[in-house]
Amino acid sequence: MNDALSPPSSASARPPLQQGGDGAAAPLPAPLASRIIAVTSGKGGVGKTFVSANLAAALTRRGYRVLVLDADLGLANLDVVLNLHPKITLHDVFTGKAKLDDAVIEAPGGFSVVLAGSGMVEYSRLTPAVRSEFLNVIQTLAPRFDVVLLDTGAGISDVVLFSVSLASEVLIVATPEPTSLTDAYAAIKVLATQQKRQQVRLVINQAARPGDGRAITGQLQQVLDRFVTTDSGRPMRLVHMGDIPADLSVRDAVMRRQLLTLHMPGCPAALAIAQLASKVDATLLSTRNT
């Protein structure tokens, strides 16, 4: 891993945040923040949106009211993964053409989604207007659900980091490929140094063998122990949440625009997502319900 990767100056401050009346950052109420999980990645194309959508379906099956918010404001593809054709997106809400409630639709699997719409270049930068509108969406919708999954963009742009800053927990999706792991390390480093996070959670997608993810997490932890120190003086802690094995059923489901957990629930990857949902339930949700 190359420690020369330095975080951008535009990264957000300590999470979770809201915009105060004077423009300063202020904490969101704890019960609200505890239900928001950012699903992100250092590199695109690692299956982040696939994980977000199928995890939402698995959590819904466990009895939770789940919202997936498409936070990839520039290159959204949640609608493609779910085979949805929304009449109203966040673009319509941000421009005042539609009400936020009308943008909330039901997805296959029984959870709710708010879709961003793709190619919104004007929302690829974190302007004060985008920041304000996105905060309003989060603050309005989060109290209505047991858990909100923010399906962010990939990388460490200011829009991605702002979206992540609104969550109390971060789930980073990576694959075993060296480029994915290098970019995951860069993202984790930014979250430690700029957002002052003490830990993030890691899911390894397309794992070739059982145990790969735990070994990869250990290797990344060693690099973080050496090069990254949080404000507390302790290294950033990585929590291995599980592996999703390489599975031909995943490609088939993606090509068919179907949720794997609904249409092939017995395949290895779907069973792994069910295990991930169980761990999210046990470690993040069960003790925080309000």
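I36, A38 and T40 point one way from β3, while I37, V39 and S41 point the other way; all are buried (under 20% relative accessible area with a 1.4 Å probe, protein chains only). In a regular strand, side chains alternate between the two sheet faces. Because 6 of the 6 residues of β3 (residues 36-41) are buried, the strand is largely enclosed by the rest of the structure. Strands are DSSP runs of E, at least two residues, and helices are runs of H or I, at least four, numbered from the N terminus.

This is a predicted model: local features need pLDDT of at least 70, side-chain atom pairs count only at pLDDT 80 or more, and totals for chains, interfaces and linings use all residues. Residues are numbered from 1 along each chain as its sequence is written, and side-chain values use heavy atoms, without hydrogens and water.

β3 runs parallel to β7 (residues 147-154), joined by 5 bridges. Here V39 stands opposite D151. β3 also runs parallel to β8 (residues 169-174), through 4 bridges. A38 has V170 as its bridge partner there. Pairing requires at least two DSSP bridges between the strands.

Now the cavities. A cavity is a set of points on a 1 Å grid over the protein atoms alone where a 1.4 Å probe fits but cannot get out; lining residues have an atom within 4 Å of a point. Volume is the space filled by probe spheres set on the points, which are joined across faces, edges and corners.

| Cavity | Volume |
|---|---|
| Largest | about 40 Å³ |

T40 and S41 are among the residues lining the largest cavity. α7 (158-165) gives the most to that lining, with 3 residues.

Terms used
Buried < 20%, exposed > 50% of the residue type's maximum accessible area, 1.4 Å probe, protein only. 1 Å grid on protein atoms, 1.4 Å probe; cavity = no way out; pocket = protein on both sides within 12 Å on 5 of 7 lines; lining within 4 Å.
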